[in-house]
Amino acid sequence: NPVKDILTINTQELVKKIEIYNIVSQKMGIIQNGVSSTPLQIDVSKYERGIYFVKIISKNNKIMNWKIVKE
(Lines give C-alpha, C1' and ligand atoms only; values in the text may rest on other atoms or scores of the structure.)
Protein backbone atom coordinates (compact mmCIF):
# COMPACT_ATOMS: atom_id res chain seq x y z
CA ASN A 1 0.00 0.00 0.00
CA PRO A 2 -0.19 2.42 -1.87
CA VAL A 3 -1.15 0.66 -5.10
CA LYS A 4 -0.55 1.93 -8.62
CA ASP A 5 -1.90 -0.60 -11.11
CA ILE A 6 -1.78 -4.11 -9.64
CA LEU A 7 -3.03 -5.13 -6.20
CA THR A 8 -1.49 -8.38 -4.96
CA ILE A 9 -3.33 -10.34 -2.28
CA ASN A 10 -1.64 -13.02 -0.21
CA THR A 11 -3.56 -14.97 2.40
CA GLN A 12 -3.49 -18.43 3.94
CA GLU A 13 -7.21 -18.75 3.18
CA LEU A 14 -8.77 -20.01 -0.05
CA VAL A 15 -10.51 -16.98 -1.55
CA LYS A 16 -14.14 -17.27 -2.64
CA LYS A 17 -14.97 -13.65 -3.47
CA ILE A 18 -13.28 -10.25 -3.60
CA GLU A 19 -15.25 -7.02 -3.61
CA ILE A 20 -13.92 -3.47 -3.87
CA TYR A 21 -15.78 -0.46 -2.45
CA ASN A 22 -15.04 3.23 -2.79
CA ILE A 23 -14.83 5.69 0.11
CA VAL A 24 -18.63 6.20 0.17
CA SER A 25 -19.30 2.43 0.31
CA GLN A 26 -20.37 2.06 -3.31
CA LYS A 27 -19.48 -1.38 -4.64
CA MET A 28 -17.06 -0.95 -7.52
CA GLY A 29 -17.47 -4.56 -8.53
CA ILE A 30 -16.90 -8.18 -7.71
CA ILE A 31 -13.37 -9.02 -8.76
CA GLN A 32 -13.51 -12.75 -8.27
CA ASN A 33 -16.34 -15.18 -7.82
CA GLY A 34 -15.01 -18.70 -7.28
CA VAL A 35 -12.52 -20.42 -5.01
CA SER A 36 -8.80 -20.01 -5.64
CA SER A 37 -5.54 -19.86 -3.75
CA THR A 38 -3.25 -16.86 -3.47
CA PRO A 39 -1.35 -14.82 -4.46
CA LEU A 40 -4.01 -13.10 -6.51
CA GLN A 41 -3.30 -10.07 -8.67
CA ILE A 42 -6.04 -7.56 -9.35
CA ASP A 43 -5.80 -4.84 -11.99
CA VAL A 44 -6.88 -1.58 -10.34
CA SER A 45 -5.48 0.70 -13.04
CA LYS A 46 -9.00 1.73 -14.12
CA TYR A 47 -9.84 3.14 -10.69
CA GLU A 48 -9.41 6.82 -9.88
CA ARG A 49 -6.87 7.88 -7.28
CA GLY A 50 -8.22 7.60 -3.74
CA ILE A 51 -9.06 5.28 -0.89
CA TYR A 52 -10.79 1.95 -1.47
CA PHE A 53 -11.86 -0.91 0.75
CA VAL A 54 -11.21 -4.51 -0.26
CA LYS A 55 -13.50 -7.18 1.18
CA ILE A 56 -12.25 -10.74 0.85
CA ILE A 57 -14.52 -13.67 1.64
CA SER A 58 -12.81 -17.01 2.14
CA LYS A 59 -14.07 -20.46 1.22
CA ASN A 60 -15.04 -20.85 4.89
CA ASN A 61 -16.93 -17.51 4.82
CA LYS A 62 -14.29 -15.72 6.87
CA ILE A 63 -14.41 -12.00 6.00
CA MET A 64 -11.23 -9.94 5.77
CA ASN A 65 -11.27 -6.19 5.11
CA TRP A 66 -8.40 -4.01 3.94
CA LYS A 67 -8.06 -0.35 3.11
CA ILE A 68 -5.90 0.53 0.11
CA VAL A 69 -4.73 3.79 -1.37
CA LYS A 70 -4.80 3.98 -5.16
CA GLU A 71 -2.18 6.32 -6.62
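**View 1. Confidence of the predicted model.** Across the protein the mean pLDDT, which is the predictor's confidence in each residue on a scale from 0 to 100, is 91, and 97% of the residues reach 70 or more. Confidence is lowest in strand E3 (residues 27–36), with a mean of 81, and highest in strand E6 (residues 63–70), with a mean of 96. Because this is a predicted model, local features need pLDDT of at least 70 and side-chain atom pairs count only at pLDDT 80 or more, whereas totals for chains, interfaces and linings use all residues. Residues are numbered from 1 along each chain as its sequence is written, and side-chain values use heavy atoms, with hydrogens and water left out.

**View 2. Strands and overall dimensions.** The protein has 6 strands and 0 helices, where strands (E, at least two residues) and helices (H or I, at least four) are DSSP runs numbered from the N terminus. Along its principal axes the C-alpha trace spans about 30 × 20 × 15 Å.

View 3. Of the 71 residues in the protein, 35% are buried, meaning under 20% relative accessible area with a 1.4 Å probe and protein chains only. Among contacts (heavy atoms within 4.5 Å) with a separation of 6 or more, 57% are accounted for by residues 24 or more positions apart.

**View 4. Charged side chains.** The protein carries 11 positive side chains (Lys and Arg) and 6 negative ones (Asp and Glu), with His and the chain ends not counted. The centres of the two sets lie 7 Å apart, each charge being placed at NZ of Lys, CZ of Arg, CG of Asp or CD of Glu.

Terms used. Buried < 20%, exposed > 50% of the residue type's maximum accessible area, 1.4 Å probe, protein only.
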